[in-house]
Amino acid sequence: MSQLLKIVLLFSLLFSFSYAKKVYRLKMAASWGPTLSPLIDTTKHMAELAEELSNGELKIRVDAANKHKAPFAVSDMVKSGQYDLGHTASYYWKGSDAAVMPFTSLPFSFTAPELYSWFYHGGGLELMQKVYKKHHMLSFPGGNTGMQMGGWFRKEIKSLDDLKGLKMRIPGFAGEILAKLGVLVVNIPGGELYTSLERNTIDALEWVGPSMDIKMGFHRVAPYYYTAWHEPASEIQFLVNERTFNKLPKHLQKVLVTSFRLAAYDMYIQNYDMNASAWQEMTKEYPNIQVKTFPQDVMNALKKVNQELRDEMAAKNSELKEIFESQDAYMKKVRPWTQMSDYLYLKDNI
């Protein structure tokens, strides 16, 4: 080999090294176990999208809850930098900052399309970034479960009096509302729920919807399935540690945010299909399941207590007040269209 050729090859090698693609390896903690579809599927899908759209420059490792052992502390782990990314629900973190709660879902609030519309066209995303900024994180919509059902009940609820002394597993803000109406709200681990319901340790419970309820088997022991009120559109979130995000080149920041948005949409439609398939299977196996709506006196009482608790929280937290006001204002804009489009179409065609 001539000396000139050796020099040319050496320069070519050095040039290729200088322009070698840098790979950014990120870690994500999920609040879900490795088999909880569609939630855990969404994290894997997002990681695949990010790697593909970045031509391999972004590689994301997803740790399910069974690996990091802290499903309700994902926000803390992302904030501290233990993980670069998280996939969780903002209301899990309401004990640290009550202002994060409305970014998941609130009783009697938005449907999923209305909520996404508020996020991307009504100022919701900006408010979410404002709240998380002080915690050195960014937050983005991460998929929606749609309507979460009102729960499985062993006995029919015929009036407000039937709630008095009822033992029910229902967490969070909805649990606080029902407690005000005389329900004995209990907190039982997911793995013990079926047995508790079967053995009459509890009278009722709320989980999610057919897509996730079917594996739990509640329909085998509780014949009354009540419709939604407390979480009409539960939004999951993607969290990003702010320092991690700022270290990424601009084009990879764009790839990451785009991957979040695509994966979130795919989760919503995946879960919609899973709900339909699961409900078809459940009713075929147990045709005596009765779908019920709560009586009017119950609904009126739930709405009254809900508003009272919201007013109390808003009076104590200016950020929460700002978010409530933003959502209420957007509801006045969006709900008339939802009513005249979706509601009246369904009303006239079912």
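Helices (DSSP runs of H or I, at least four residues) and strands (DSSP runs of E, at least two residues) are numbered from the N terminus, and two strands pair if DSSP finds at least two bridges between them. The model is a predicted one, in which local features need pLDDT of at least 70 and side-chain atom pairs count only at pLDDT 80 or more, while totals for chains, interfaces and linings use all residues. Residues are numbered from 1 along each chain as its sequence is written, and side-chain values use heavy atoms, with hydrogens and water left out.

Six strands make up an open sheet with mixed pairing, in the order E7-E6-E8-E5-E9-E11. Strand E7 (184–186) and strand E11 (290–292) stand at its edges with a single partner strand each, so one side of each has no neighbour in the sheet. Within this sheet, strand E5 (residues 151–153) and strand E8 (residues 204–205) run antiparallel and are joined by two bridges, with phenylalanine 153 opposite alanine 204.

Another open sheet, of five strands and again with mixed pairing, has the order E2-E1-E3-E10-E4. Its edge strands are E2 (58–63) and E4 (137–144), each of which pairs on one side only. From one strand to the next the twist averages 25 degrees, where axes are lines fitted to C-alpha atoms, for helices over the stretch in contact, and angles run from 0 to 180 degrees between N-to-C directions. Strand E1 (residues 24–30) pairs with strand E3 (residues 85–88) in the parallel sense over three bridges, and methionine 28 has leucine 85 as its bridge partner in E3.

Helix H6 (residues 124–133) packs on this sheet, touching E4 and strand E10 (235–241), and its direction makes about 135 degrees with that of E4; contact here means heavy atoms within 4.5 Å. Helix H11 (residues 250–285) lies across E1, E2, E3, E4 and E10, running at about 30 degrees to E4.

**A buried charge**

Which side chain of opposite charge is nearest to aspartate 84? Aspartate 84 is found in the loop between helix H4 (74–80) and E3, and the side chain in question is lysine 27, 6.1 Å away, so that aspartate 84 is buried yet has no salt bridge. Buried means under 20% relative accessible area, exposed over 50%, and partly exposed in between (1.4 Å probe, protein chains only), whereas a salt bridge is a side-chain nitrogen of Lys or Arg within 4 Å of a carboxyl oxygen of Asp or Glu. The side chain of aspartate 84 does, however, reach the backbone nitrogen of lysine 27 at 2.8 Å.

**Salt bridges**

| Pair | Closest N and O atoms |
|---|---|
| Lysine 67 and aspartate 63 | 3.8 Å |
| Glutamate 176 and lysine 94 | 3.6 Å |
| Glutamate 325 and lysine 321 | 2.6 Å |

Lysine 67 counts as exposed because its relative accessibility is 53%, whereas aspartate 63, at 3%, counts as buried. Glutamate 176 lies in helix H7 and lysine 94 in the loop between E3 and helix H5 (112–121), so this pair ties together parts that are 82 residues apart in sequence. Glutamate 325 and lysine 321 are four residues apart in helix H13 (residues 318–349) and therefore separated by about one helical turn. Finally, salt bridges that share partners join Arg61, Asp63 and Lys67 into one network.

Technical notes. Lys, Arg positive; Asp, Glu negative; His and termini not counted. Polar contact = N/O pair within 3.5 Å; in protein donor to acceptor, adjacent residues only side chain to side chain.
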